[in-house]
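Here's a quick walk through one chain and the way it meets its partner. Have the viewer open as you read.

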Amino acid sequence: MNKKYISKAAESKIKYHRSRAKMPYEEKFRIIIELQKIEAEMMKSNKSRTNSRIPRVWEPE
Amino acid sequence: MKKTLQIINQLVEQNVITEYAIAGGMAQFYYIEPSATYDLDLIVSIKDEPNSLTPPAALYEWADKNNFPTEFEHIIIGGIPVQFLLAYNDLVKEALINKIPVTLFDEPAFLFSAEYLMAIMLQTGRPIDFERLTRFITEAEFNEFKLIDILERNGLSEKYNDFIKRINE
């Protein structure tokens, strides 16, 4: 793979994350809850983690 | 989170706390792309401030009296575990004084500025802090002059220079 291609890909990745950082806080909040749900499911199905506490998924009122 | 913020603002109105600022992950994600976090950290000040390393008892009394459940050190407010912490050192005290007013979910709120969050992450220095600090440097909008000033006044310049050197290697 050529160096120019790699640095271009890295640059566009940074641009992508920078644009994601600018999304509204309310949208970020929604994403955080989705990530909590995914992580909780993964923890439940991971038998080696049966002793560890599964963190509470937020239920905003 | 709207309900949570409403209740936190009521705590100020009722003088249970004198001021607050959102800190930790939920403040960091105001500036960078979000990842999973499980609590809302609030740095607060209380009138007759107890030892800054112990959880503020007045808040747990308030929670008990008003039927807000607690879970370990968290008080569940509006479905979100909230951790109340007193400003535990000079940098955090300074960050609280210089908190920024924002509107979240149509509610007024206060949070730490990007520059103070970066300095606190550098000072705390856990792997997760360094990972998020790296993201701040590439994703967040911050004032470099302000950051350098905070770092210099809090003896963190050398640590910052080492960190920058490492991420550029």
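The buried residues of H2(B) are B:Gly24, B:Gly25, B:Met26, B:Ala27, B:Gln28, B:Phe29, B:Tyr30 and B:Tyr31. Buried here means that 20 or more other C-beta atoms lie within 10 Å of the residue's own, exposed means 12 or fewer, and partly exposed is in between, with C-beta atoms placed from the backbone. That makes H2(B) mostly covered, with 8 of its 8 residues buried. Helices (H or I, at least four residues) and strands (E, at least two) are DSSP runs numbered from the N terminus.

A word on the model: it's predicted, local features need pLDDT of at least 70, side-chain atom pairs count only at pLDDT 80 or more, and totals for chains, interfaces and linings use all residues. Residues are numbered from 1 along each chain as its sequence is written, while chains are lettered from A and ligands numbered from 1 in the order in which they are written.

Now for the interface. 22 residues of chain B are in contact with 20 residues of chain A, contact being C-beta atoms, placed from the backbone, within 7 Å. The elements that each supply at least two residues to this side of chain B are H2, strand S5 and helix H6, and H2(B) gives the largest share, 3 residues.

| Class (members) | Residues on the side of chain B touching chain A |
|---|---|
| Nonpolar (Ala, Val, Leu, Ile, Met, Phe, Trp, Tyr, Cys, Pro) | 13 residues |
| Polar (the others, Gly among them) | 5 residues |

Leaving aside neighbours within four places in sequence, B:Leu42 is in contact with residues including B:Ile8, B:Ile22 and B:Phe84.

Helix H7 (residues 144–153) of chain B is worth a look too: B:Leu147, B:Ile150 and B:Leu151 are buried there. Seen down the axis, the buried residues of H7(B) fall within an arc of 100 degrees (from the directions from the axis to the C-beta atoms), so they line one face of the helix. They pack against H5 and helix H8 (157–168) of chain B, while the face turned away carries the exposed B:Phe145 and B:Glu152.

Definitions and conventions:
Contact = placed C-beta atoms within 7 Å.
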